[in-house]
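Subject: Structure handover and findings

Hello,

Here is the structure for you to open alongside this note. My findings follow below it.

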Amino acid sequence: MQAGSAKQSTLLHKTIPIVVTRSVKGKFRNFKTAVMVLAYSIYFSLPWLPWARFSGDNQAVMFDLATRRFFIFDLIVYPQDIFWLAMLLFIAAALLFFTTGLIGRAWCGFFCFQTLWTDLFILIEQTIQGERNARLRLKKQPWNLEKIIKVGGSHFLMIAISFWTAVTFAAYFTHAPQFVRDLFTGHAADAGYITVLALTITTYAAAGLLREHICTLACPYARFQGVMYESDTLAVSYDTRRGEGEKGRTIPIVGLRTHEERQAQGHGDCIDCGFCVQVCPTGIDIRDGLQYQCISCGLCIDACNNIMDSVGYPRGLIRYDSESNLNNPIPKKPKLEWMRLKVLGYAAALLLMSGLLFYNIGTRAQTEITVQQVRQPLYTVLSDGNIRNRYQIHIVNKTEHAETYTLSAEGIPDSAIDLGNLPAIKVRAAKDLTLNLKINLSPEAARKTQEFDLIITPATQGAEPIKIETNFSSPK
């Protein structure tokens with residue numbers, strides 16, 4: 001059993017310790033708390049942020065599956081923009097690889113959803129049940145009123161937060177105020193109840209019960225992160241030479257309390273207090289070297305620095321450092337080594353794809369039009385000898401207002417255009433329209449025409465006409 005564990009539990013096929021962490025103060029703890037507050041503020045408030053719009057609910061961020069539109073402030077994403085999602089996933093992957101190449105698993109330690117929710121649930125336990133020793137004592141004692149109140153109260157709060165996490169997630173996909181009213185009055189759709197129930201259970205199980213086991217056993221990133229590490233990658237590291245010295249670590253007994261006394265007798269600066277292990281969310285001992293379970297949260301650095309301060313030794317026995325620097329005879333001050341081929345490659349891919357995404361969003365047309373020639377048959381010879389081709393025109397209006405379009409042509413007379421009895425081409429806001437077009441040409445004009453341009457012009461003042469090159473088929 002490791003020093004940071006309370007008792008043994010069985011999970012899957014092997015015995016795994018349950019980690020009970022100790023609280024710690026320091027800059028990494030403060031940064032984790034700041035990230036957690038910011039992330040929760042954004043996640044829980046966005047569905048309730050009002051945003052004026054004409055063709056949808058007044059909600060700043062809403063993934064409206066019913067109308068197949070995603071509203072992100074003033075940006076409206078249509079199914080035709082689905083490739084943006086592929087670009088966004090590529091950017092997220094490139095950003096993850098880039099940061100991992102520079103500073104290891106910083107994503108896991110500070111920004112991962114599992115870390116954020118686990119951190120909050122551990123804070124609840126610490127607030128209600130007490131510090132690490134009190135929680136360990138509570139786990140060992142038989143069930144009584146105190147244990148029922150403290151343990152039950154902790155898990156009640158975790159379930160409540162898990163429930164509201166699930167409700168908030170579902171609220172991103174519908175009008176949030178109406179959904180919450182329907183949810184509690186029994187009028188929400190079945191999918192809403194299923195989503196809330198499933199996410200409540202999984203959030204509570206992952207962050208309240210399984211916790212570090214998700215990181216060490218279920219997360220695939222922990223397994224393949226090694227391929228992104230290099231000897232210059234910064235990672236949470238223990239300075240073995242300084243900590244162990246020639247004779248190893250030892251507690252500060254008489255004659256080994258000052259830094260000078262320990263150096264004189266060949267002992268390292270590590271006083272073997274175990275504080276670094278007790279604060280670790282995954283329960284590992286960083287002094288055993290780099291391990292895949294380490295999520296690079298830096299809490300062991302805070303713990304070690306606090307101990308170094310209390311005994312008057314220099315800080316930095318555990319720190320963010322690279323393997324190559326630690327192997328130097330005299331390690332230098334750690335710094336980001338970004339001038340490496342792999343890191344530069346990740347950065348180039350990240351910048352290129354981000355630029356393409358923003359350019360594509362910024363230059364997206366408000367009207368999307370496709371023209372397909374009907375090929376069964378390719379042409380028809382009419383009773384008067386004229387040649388007819390048929391086309392299907394699909395118009396997507398991506399504006400927030402209804403739009404009227406006029407249709408003309410270059411290369412053929414406008415009189416050849418036949419829209420049947422359609423008086424005008426009108427498309428409602430954020431809707432699309434498919435219409436049938438016939439082009440009738442005389443035999444002489446048909447022989448001279450192989451291609452022409454269809455021109456669709458929005459009625460909105462200042463809107464650019466859209467020109468589409470089109471084929472015309474006739475007997476040879």
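Residues 31-49 have end C-alpha atoms 26 Å apart, and the span is 79% helix and 0% strand. Helices here are DSSP runs of H or I with at least four residues, strands are runs of E with at least two, and both are numbered from the N terminus. For residues 148-171 the end C-alpha atoms lie 33 Å apart, with 100% helix and 0% strand. Both spans come from the UniProt record, an unreviewed entry, which annotates "transmembrane region" at 31-49, 82-103, 148-171, 191-210 and 343-362. UniProt positions are in the numbering used here, feature names are shortened, and annotations may be inferred rather than shown by experiment.

Before you go on, note that this is a predicted model: local features need pLDDT of at least 70, side-chain atom pairs count only at pLDDT 80 or more, and totals for chains, interfaces and linings use all residues. Residues are numbered from 1 along each chain as its sequence is written, and side-chain values use heavy atoms, with hydrogens and water left out.

Pockets

The largest pocket holds about 1300 Å³ of space. A pocket is an open set of points on a 1 Å grid over the protein atoms alone, where a 1.4 Å probe fits, with protein on both sides within 12 Å along at least five of seven lines; lining residues have an atom within 4 Å of a point. Volume is the space filled by probe spheres set on the points, which are joined across faces, edges and corners.

Its lining has 35 residues, and Phe63, Ile72, Leu85, Leu88 and Leu89 lie nearest the centre. S3, S4, S5, helix H2 (82-103), helix H3 (106-111) and helix H16 (341-362) each give two or more residues. H2 supplies the largest share, eleven residues. By class, the lining has 31 nonpolar, one polar and three charged residues. Ala, Val, Leu, Ile, Met, Phe, Trp, Tyr, Cys and Pro count as nonpolar, Asp, Glu, Lys and Arg as charged, and the others, Gly among them, as polar.

The second largest pocket holds about 890 Å³. Of its 29 lining residues, Cys112, Phe113, Gln114, Leu116 and Trp117 lie nearest the centre. This lining divides into 23 nonpolar, five polar and one charged.

The sheet

Three strands form an open sheet in the order S3-S4-S5, paired antiparallel. Strands pair if DSSP finds at least two bridges between them. S3 (61-64) and S5 (75-77) are the edge strands with a single partner each, so one side of each has no neighbour in the sheet. S3 and S4 (residues 69-72) pair over four bridges. In the loop between S3 and S4 sits arginine 68. Arginine 68 is not a glycine, yet has a positive phi of about 55 degrees.

Rings and a cis bond

There are 21 aromatic pairs. Rings of Phe, Tyr and Trp (its six-membered ring) pair if their centres lie within 6.5 Å; planes under 30 degrees apart are stacked, over 60 edge-to-face, the rest tilted. Phenylalanine 31 and phenylalanine 110 have ring centres 5.2 Å apart and planes at 65 degrees, so this pair is edge-to-face. Phenylalanine 31 is in H1 and phenylalanine 110 in H3, 79 residues apart.

Glutamine 376 and proline 377 are joined by a cis peptide bond, with omega about 0 degrees. Proline 377 lies in the loop between strand S8 (367-373) and strand S9 (380-381).

Best wishes
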